[in-house]
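Here are my notes after a pass through the two-chain coordinates you sent. Have the model open as you read.

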Amino acid sequence: MKVELDNIHKVFESKIRLGIMSALLVNESLDFTALKEFLEVTDGNLATHLKTLQKNGFITIKKRFLDNKPNTQYAISKEGRLAFTAHLNALEALLKQLK
Amino acid sequence: MSNKSHSAPNSSGKDSVSDTPLGKKSDLESPKQHKEESLAQLEMIKRMMERSTRFLHLSGLAGMLAGIFALISSYIVIVQFGFQPDTADYPYFLNDPAVNEWGIILLALVTVLLAMSGAVYLSTRRAKRHGEKLWTATTRNLLRYFLIPLLTGGLLILLLWEQGYIGLAAPLSLIFYGLALIHASHFSLSDIRYLGYIQLSVGLASVLVMDLSMYFWAFGFGLVHLCYGGYIYLRYEKEIL
């Protein structure tokens, strides 16, 4: 049996990137600290994965100042939403097929 | 099917998200493995969505505890202090200047504080048991959205009290507490929305029968809390204790 995996995007091969996208899908936007707390990862690790997602155009970044401290807000982009939804659908289809 | 370069050990045994590649074509051999990988991914996605939107470890025991505190303090206020307003501008302190009105205000504050400490303590314990962190953007939101209506109500009650409308304290505390629960339910168990609707209704109804308003208060904060806490406890906690 040939299983269709084409829709499982390479970007989503990382659990952390998958986690970031999951959290951003259900929140308008989240800052770095919030994402770090949810995923329980180190600063450097999170930053790298965020950069990858940004390079792929899956998230948008907004920098601003909050109480005179820089605060970066991350949100899912339209492309990111589409790609992640496609990924979810692919996973579900896969499971159905294997039942 | 080729299976070169198999990746490093998959699970690190930690609860946090480890960064192991998932769903790599070359890593997947059998349909069974496909299925496991996909299920694991969906499970993780679900957990992350939940964790980033709702705090689901509210303790039902804490609800019951709050009910007990409320019953005790309403007994003191009704029976010991003889505080039973029948009108909004109930002239209680004119009748009996021996009773200190600060006693009632202090008792109310202590009751709220005890109930909230119990909720924070027991919910922290539950969250820890589930390996969840307590202080996240989600719990900060939960607290903020719960406190906005609650503090507004508390302030309004004190301002009206100051003007002599002490009979409104019981109904308004029920109403604003109900609003706080409905507001907070977006960031926690959706069940507490119904608890909010009940408190809101009890509060509104108590305005219609002012002379019984303190009993409505004892019913809402005491009995309803006891029952609802018990329901939450049986539904979500029993099996793990």
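This is a predicted model: local features need pLDDT of at least 70, side-chain atom pairs count only at pLDDT 80 or more; totals for chains, interfaces and linings use all residues.

1. Take helix α1 of chain B, residues 31-51, to begin with. From first C-alpha to last, its 21 residues reach 30 Å, close to the 30 Å expected at 1.5 Å a residue. Buried positions in α1(B) include B:His34, B:Glu37, B:Ser38, B:Gln41, B:Leu42 and B:Ile45. An α-helix has 3.6 residues a turn, so residues three or four places apart point the same way.

2. What do the buried residues of α1(B) pack against? On the chain A side, they meet α1 (15-25), α2 (32-39) and α4 (78-98). From chain B itself, α5 (137-162) joins in.

3. Next, have a look at α2 (residues 60-80) and α8 (residues 213-237), both in chain B. Their axes come within 7 Å and cross at roughly 165°, which makes α2(B) roughly antiparallel to α8(B). The crossing is left-handed. Sorting the residues of this contact gives 17 nonpolar, 9 polar and 1 charged.

4. B:Ile192 sits in helix α7 of chain B, residues 192-208. Its relative accessible area is 8%, so B:Ile192 is buried. Setting aside residues up to four places away in sequence, B:Ile192 touches B:Leu58, B:Leu181, B:Ala184 and B:Ser185. As for B:Leu122, that residue is 70 residues from B:Ile192 in sequence and 16 Å from it in space, C-alpha to C-alpha.

5. Over in chain A, is A:Thr72 buried or exposed? With 19% relative accessibility, A:Thr72 counts as buried, because the cut-off is under 20%. A:Thr72 belongs to strand β3, residues 69-76. Beyond its neighbours within four places in sequence, A:Thr72 is in contact with A:Leu30, A:Asp31 and A:Phe32, and also with A:Ile61, A:Lys62 and A:Lys63.

6. Most residues other than glycine have a negative phi. A:Glu40, though not a glycine, has a positive phi of about 55°; A:Glu40 is in the loop between α2 and α3 (43-55) and, at 29% relative accessibility, counts as partly exposed. A:Asp67 also has a positive phi, near 50°. A:Asp67 lies in the loop between β2 (59-66) and β3, and counts as exposed at 72% relative accessibility.

Conventions: Residues are numbered from 1 along each chain as its sequence is written. Chains are lettered from A and ligands numbered from 1 in the order in which they are written. Side-chain values use heavy atoms; hydrogens and water are left out. Helices (H or I, at least four residues) and strands (E, at least two) are DSSP runs, numbered from the N terminus. The expected span of a helix is 1.5 Å times one less than its number of residues. Buried means under 20% relative accessible area, exposed over 50%, partly exposed in between (1.4 Å probe, protein chains only). Contact means heavy atoms within 4.5 Å. Axes are lines fitted to C-alpha atoms, for helices over the stretch in contact, and angles run from 0 to 180 degrees between N-to-C directions. Angles under 35 degrees count as roughly parallel, over 145 as roughly antiparallel, 65 to 115 as roughly perpendicular and the rest as oblique. A crossing is left-handed if the near helix is turned anticlockwise from the far one by less than a right angle, and right-handed if clockwise. Ala, Val, Leu, Ile, Met, Phe, Trp, Tyr, Cys and Pro count as nonpolar, Asp, Glu, Lys and Arg as charged, and the others, Gly among them, as polar.
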